[in-house]
Amino acid sequence: MSNVFIAFQTNEETRSIIEAIADDNPNAIINEQPAMVKIDAPDSLTIKRASIEEKMGRDFDLQELHVHLITLSGHIDETDDEFNLSWLN
Amino acid sequence: MDMKVAAKKLGLKERYAAMTRGLDWETTYQPMDTVYPYDKFEGIKIHDWDKWEDPFRLTMDAYWKYQAEKERKLYAILDAFNQNNGHLGVTDARYINALKLFLTAVTPLEYMAHRGFAHVGRQLRGAGARVACQMQALDELRHAQTQIHSLSNYNKHYNGFHDWRHMHDRIWYLSVPKSFFDDAVTAGPFEYMVAIGFSFEYVLTNLLFVPFISGAAYNGDMGAMAFGFSAQSDEARHMTLGLEMIKFMLEQDPANLPIVQGWIDKWTWRGVRMLTIVGMMMDYMLPKRVMSWKEAWEIYFEESGGALFKDLARYGITIPKCVAQATIEKEHITHQAWTTFYQYGAAAAFNTWIPEKEELDWLSEKYPNTFDKYYRPRLEYLGEQAKQGKRFYSTTLPMLCQCCQIPMFFTEPDDPTKICYRESDHNGEKYHFCSDHCKEIFDHEPEKYVQAWMPVHQIYQGNCFKPDVDPTAEGFDPLAAVLDWYNIQFGRDNLDFEGSEDQKNFDTWRQTAKSNG
Ligand SMILES: [Fe+2]
Ligand SMILES: [Fe+2]
């Protein structure tokens, strides 16, 4: 089993995004570093638009993630509603 | 009457398909092979470009929208940082030397990446891959511009920032990053994608941007943090492109596997060698440290790169052989590199120093197997000499590796007390290498690497002086003439940090900032 990860800049928008990810991925480990947050998860990680909208209290387009993203690893599968990271092996 | 039906908004997948399939066509006035002349000679077989899928599925309108937002955020931070004399808030002025190295070594590579992706974005015959490469070409231009903008503020106050582009083409250690990228852009489009898109972006940029830029933030540099993370926000897309290209080639034809594996092996090692400089910046040039090079290597290469290679095993990809040596070297190379730069500190466009005692203690703790045994005594000896007024500067020129162009300071993988030398003969000439892996790369493509512009050879051949210089004149000082050609101002840009103009100015300005005096 390998970890996937994703990292965001630390700011007001990503606070909600990270909270949503933590709720939706109970196995995820949130690692705070200077000016950034790295999230590791075994095998796969799912980011849900609906959960982020709930936290932010506004509409959210998953492509807004691009503005705050720092890095990631794993294969990406993205739709309008979900952003998935996973390893197939 | 027609029923009015609200047009349903296209989903992400349809929007992307419309852009990357519907807008492309097969040429008829000219054969496709004439329009795309470069995407076959490397031997990569592609049967169906329509199988290409970019998972981010970014369309042009979304691209412009989010990039514009990134720029607005970046420049807002930069303005605030500069308006407020943010440079005086960095931990100490030694840190600023890491930025000098960044501007002269890395920023010109961003521009080269722009050129490389613009070229590949024209030459690949699949529209999906072309669009992704063109976006990356624009990103890379943005990275170069934002770095120049951010760092221009430091040029108002500190030495060594004044002629970075000129220096990049001339200074001995800058030939390491320069030749790395020249090697990549002179390859075919598929090798370029493996070199930069995959090995560099996916496997290695995490080590360049993430811990180092997080470190810049930790040292109070909002300017570097802003451009670093803004660039890195594009990087997720770049990494994905690199990984997609690998998967695509491997899925298209089994005959592609050995070619791709050869490129992965080559470019992992080329990247690892170049990142020696980044590792040194992390261990020695950040006064406040987030993590050691060794720790960063373990997280981003061993753990995350390991997961990647395990995943790619289903296509038959194996972990590059050079990783075994890189794993041993993670405990050595930063110390070897800094000790070398310290000794060649008269010929560098930044200041060097011996770390303070608590910094040496930190290194001892982070490198328990190697630092006290091999490196601390050397650094302490050099520091002691400097205190006695005998600061050591080497004035001889080192032998360079013909492949990575790094001076021969790396040691044998099984004996850290012995410098590693390898050599090959080609057309009656002898060529020298730092390692088995650099030698192997040369042996595979000697015609390419014999053409390398080797800074030390060029100096000895008299090609690194200004045109009006007469090397036969009485009392000719070759080092001074070379520095003049580099546009390094002796005594300002180079030598020890202790006693430097930057050190004095920073102390004075910071005192002024803190008091009414
Ligand atoms: Fe870049
Ligand atoms: Fe080498």
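The buried residues of helix α8 in chain B pack against α4 (96–105), α5 (107–123), α9 (189–218), α11 (256–274), α19 (446–449) and α20 (455–460) of that chain. Buried means under 20% relative accessible area, exposed over 50%, and partly exposed in between, with a 1.4 Å probe and protein chains only. The model is predicted: local features need pLDDT of at least 70, side-chain atom pairs count only at pLDDT 80 or more, and totals for chains, interfaces and linings use all residues. Residues are numbered from 1 along each chain as its sequence is written, chains are lettered from A and ligands numbered from 1 in the order in which they are written, and side-chain values use heavy atoms, leaving out hydrogens and water.

**Helix α8 of chain B**

- Helix α8 spans residues 175–185 and is mostly covered, with eight of its 11 residues buried.
- Among the buried ones are B:Val176, B:Phe180, B:Phe181 and B:Ala184.
- B:Ser175, B:Ser179 and B:Asp183 are also on the buried list.
- An α-helix has 3.6 residues a turn, so residues three or four places apart point the same way.

**The iron site**

- Three residues of chain B donate to the iron ion (ligand 1): B:Glu110 (OE), B:Glu140 (OE) and B:His143 (ND1).
- Donors are N, O and S atoms within 2.8 Å of the metal (3.2 Å for Na, K and Ca); water is not among the atoms, so sites may look incomplete.
- Their spacing in sequence is E-x29-E-x2-H.
- B:Glu110 in helix α5 and B:His143 in helix α6 (residues 127–155) are 33 residues apart, so the pair links distant parts of chain B.
- B:Glu110 counts as buried because its relative accessibility is 6%.
- B:His143 is buried too, at 0%.

**Two buried loop residues in chain B**

- B:Glu42 sits in the loop between α2 (32–35) and α3 (60–83). Its relative accessibility is 13%, so B:Glu42 counts as buried.
- The C-alpha atoms of B:Glu42 and B:Pro189 are separated by 8.4 Å, though the two are 147 residues apart along the chain.
- Leaving aside neighbours within four places in sequence, B:Glu42 is in contact (heavy atoms within 4.5 Å) with residues including B:Pro189, B:Ile259 and B:Trp263.
- B:Asn219 lies in the loop between α9 and α10 (222–252). At 1% relative accessibility, B:Asn219 counts as buried.
- Beyond neighbours within four places in sequence, the contacts of B:Asn219 include B:Gly89, B:Tyr95 and B:Pro287.

**Chain B as a whole**

- Chain B has 22 helices and four strands. Helices (H or I, at least four residues) and strands (E, at least two) are DSSP runs, numbered from the N terminus.
- Buried residues make up 59% of its 517 residues.
- Of the contacts in chain B with a separation of 6 or more, 78% join residues 24 or more positions apart.
- The C-alpha atoms of chain B fill a box of roughly 95 × 65 × 50 Å along the principal axes.

**Chain A as a whole**

- Chain A has three helices and seven strands.
- From the N terminus on, the order of elements is β-α-β-β-β-α-α-β-β-β.
- Of the 89 residues in chain A, 55% are buried.
- The C-alpha atoms of chain A fill a box of roughly 35 × 30 × 20 Å along the principal axes.
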